[in-house]
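Have the view open beside you and take the points in order.

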Amino acid sequence: MMERRLWREGSLGIAGKVWQTNWLYVLLIMALAAVGYIALYAAAGGSPEPYAQKQLVRFGIGFVIMVALAMTDIRRIATWSWPLYALGILLLLLVARYGHVGKGAQRWISVGGFQLQPSELMKIFLVLALARYFHRASYERIGNLLFLLPATLAVLLPVGLILKEPNLGTAVITATIGGAIFLAAGVRWWKFVIVIGGLAAALPLAYHHLHDYQRERILTFMHPERDPLGSGYNIIQSKIALGSGGLLGRGFMNGTQGNLDFLPEKQTDFIFDLIAEQFGLVGSLGVLFLLLLIVLGGMLIALRCRHQFGRLVALGISVDLFMYVFVNIAMVMGAIPVGGVPLPLISYGGSVLITAMIAFGILMSVHVHRDVEFPEDALASRR
Amino acid sequence: MKREIFNSGIFTRRALLVAGAEVAVFGALGARLYKMQVVDGAKYTAMARGNSVSVRLLAASRGRIFDRYGAELATNRQNWRALLMVEQTNDPATVLDTFSKLVPLSDSERARILRELRTHQRYVPVMLQDFLSWDQMAQIEVNAPDLPGVLIDVGATRIYPQSELLSHVVGYVGPPKDADVKADPTLTMPGMRVGRTATEGFYDLDLRGHAGAQQLEVNAVGRVIRELDRQEGTPGVDLGLSIDIALQQAVADRLVGQSASAVVMDARNGEVLSMVSQPSFDPSLFDSGVSNTQWQSWMADPRKPLINKAAAGLYPPGSTFKTVTAMAAMTSGAVGPYETISCPGHFDLGNARFYCWRKGGHGPLDLKGGIKNSCDVYFYNAALRTGIGPLAAMAQRFGIGADLGVDMDNVQNGLMPTKAWHERVHHKRWALGDTVISGIGQGFILTTPLALATLASRIATGRTVGPHVARSRAGVVQTGAVAEDWPKMELSEHYFSLIRQGMWAVVNAPGGTAPAARLRLAGVQMAGKTGSAQVVRVGRYAREHGFNSLNLPWQLRPHALFIGFAPYAAPRYAVSVVVEHGNAGADIAGPIARDIMTDALHLDPAGRDHPLPPTPSALVTPSVRAS
């Protein structure tokens, strides 16, 4: 295997990088964006305004960022890991102090007129930080509890801050990403068993400390009929929209749930309902399959990468994407409590789109630089 | 290879595990999609449809009621009202609070609205306020954003342009009761009314029509996006009554101030041309519920303004019944048409003595003389010989105590006693004395002015004419409008002729009992029969010591009755008059009947709108009213 290509200290030329780019994966991403355009076009009642066109422009910007990141040497990105992590924590602290309150939660800050949701960025920064931490950590080292402690704190700090916003959905996703990287890095199975067992035992206690609106959400989730016009409304309408699609859908622009505004936040969190309503099982399974390809594509990049940093980064980003999709679709199906998690590249919204494109850019960079050799000293964990 | 100090084998294994878990989760999502969209798809499709499709009922306009010349007796007027579309608001209580700040609502109104909000179907709007002023409408429109689900709508109110003149004939409408709603749920629509009495009551289902339905696509806040389907309702049928409001007015004017009723009928076909019961009431008071004070004052009035005495007032027919006794006696063979019976002034049956109204008696009389003089003894004899069975049967053939099938609600049939009835109801044996007094229309016999006019018509034409008020439906004249629709009575024309001659003599011959009823018209004569119906029994002592009913208090005086028909030669109009506690038929009811008949002949409603057979009487019908 090693005979196939030389490890190179130096970087590829720009032409080589373009050649190395996984264009099939880029095509998948563009296909997903196209699905988003169609859904947003329908969400606006058959018009590119006000959603689809704006989102397309954002996608264009995001695409440039993605390509730029793909061309950036993964080793350089690796050197930014800790500063970026620190920046993420700082932003989370800022949002806690100065953020906009929206729907009972402080999640947003403005950066030069641009709405930013730091928790989205934090997930990527955490992936980078953890990947860097576990890069070159031997299986034996990882067996050492003391070695795991800083990494665990690195996960718990942002998770805690995001929980405080409060944004339960993103916090769970962040924790899961952390867990996945721990697992892939080689943390022993029994430790997961203990942590998961402990969490399950602590769940009733956690419920006690949830915000009223979060508790309400869980109660409503379990019994949506409890309050069909109040907090149960979203779940019920979402399920109706999804289910009424049937096998082939009600036809493009013919969905009554979406067209007649029964569906709440249809252009953001509940966009999958629009697709399911209009294009039926065929359409919704098609989009689900596309998303699966993108998630598995990330895993494939991880598996093909020949350095641990890249593997862990690719795996973390893939799990991030997977969690987005799972939480969002399970939410619109009424299978888990509503959580305010959008569907990447399909839901309307700049912050999520740009973060997703940053994530894809880093993923691309991992792919392009899958064979590079990390200088032994540069990223060696400080011990 | 040495630099790769981490274990890539572990990563690969665990990454594949993660990927496997991801695929499994996606598979589960896909399976659930299949379950929701395909397995349960129909359920959710129905729910989506229920969400977006709103069914609204389209009220059918209530049929109008006209008189025979097309004058409006009952019609609908548009009014502006505020409705609450329940399905378009999440919080009706708040909307109601906001609304009541703009348009004050009384406590009872509020209670009604809350009750309807609870009980009505979601798609049936609840009426908040009727008869909105322009100011109120403007207030509501301006505040529309704060009043989700409130809309301004045109409703219909029942209007009775003739007001008190025809309230007893036309009836009135009122809000539906629970039983009505059970029978027809569309009555829960705001402003729906149900016919309560008389014509409005009898023809309620025809007048109501059928509600249509509209399927609308609505969005989440209830705004109508488009109409999906529309089934037009059928408006109610317009009724043309046989009533002539000019004649009705003339009769009402003649009876005003009395507690009295009169019916003018087309003797040939039973069309009621005028039916008046005085005093009367304003039917529009019922539309939105009668006030307590109004109700109390109606109830306290001894003249009973709410009761249509012409159709539901029950009176002994008194001497007007002698026409029936005459026909029964001749037909049964009990009394020959020219047989004379002597009247000594009284009639003895065992120990009981029955008096003639004329103290000294009439001497020998034949049938015509008996009717002309209204001799009680003659008819005591006739009734006793005939027997109550044949007498009752004959009475029912003439409409006394029989169901006449009148097309109005709240009509009384009256009562014609028989032996079986007496034993069943009073648990007593029928006495011969009961037969005797039945012969002069006293005792248990009860009838209405409408039935008496029918009696007069049947005597006049010899046909089984049935009284009815609806002449046309939706502009089409119904069967029963011509004499040929009513079969002959299968009684001797000779006997009819004798009774008519007797009745002619009552009015026109010297010594008849009702000279005051004689028409003051050239060439037209009325035949008739008076009657006085006792309210209290006058004992033997009183009779023999100068009893005068005028000395009695008003409510104990006898009722004054008169039946008649004209023109005598070719009868066209029949009339009946009952003046409650009017004392003597001849003096009180007779002149009223004369005036009413004069008006009928003058206005001639029966001759004006369909061709009459060219009879001599038609030629002599005066075209101007004689003094």
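1. Let's begin with a pair of helices. Helix H8 (residues 168-185) of chain A packs with H1(B) at an angle of about 145 degrees, and their axes are 7 Å apart. Please keep in mind that this is a predicted model.

2. Which residues meet in this pairing of H8(A) with H1(B)? From H8(A) come Ala180(A), Leu183(A) and Ala184(A), and they meet Phe11(B), Arg14(B), Ala15(B) and Val18(B) in H1(B). Sorted by class, the contact of H8(A) with H1(B) has six nonpolar residues, no polar ones and one charged.

3. Now step back to the two chains. In chain B, 37 residues are in contact with 45 residues of chain A. On the side of chain B that touches chain A, two or more residues are given by each of helix H1 (8-39) and helix H2 (41-52) of chain B. H1(B) supplies the largest share of that side, 18 residues. By class, the residues of the side of chain B that touches chain A are 20 nonpolar, 10 polar and seven charged.

4. Chain B also has a sheet to look at. Three strands form an open sheet in the order S1-S8-S9 (chain B), and the pairing is antiparallel. At the edges are strand S1 (53-58) and strand S9 (224-231) of chain B, each pairing on one side only. From one strand to the next, the twist averages 25 degrees.

5. Finally, a closer look at one strand pair. S1(B) and strand S8 (residues 212-218) of chain B run antiparallel and are joined by six bridges. You can find Leu58(B) opposite Gly212(B) in S8(B).

Methods
Residues are numbered from 1 along each chain as its sequence is written. Chains are lettered from A and ligands numbered from 1 in the order in which they are written. This is a predicted model: local features need pLDDT of at least 70, side-chain atom pairs count only at pLDDT 80 or more; totals for chains, interfaces and linings use all residues. Two strands pair if DSSP finds at least two bridges between them. Helices (H or I, at least four residues) and strands (E, at least two) are DSSP runs, numbered from the N terminus. Axes are lines fitted to C-alpha atoms, for helices over the stretch in contact, and angles run from 0 to 180 degrees between N-to-C directions. Two residues are in contact if their C-beta atoms, placed from the backbone, lie within 7 Å. Ala, Val, Leu, Ile, Met, Phe, Trp, Tyr, Cys and Pro count as nonpolar, Asp, Glu, Lys and Arg as charged, and the others, Gly among them, as polar.
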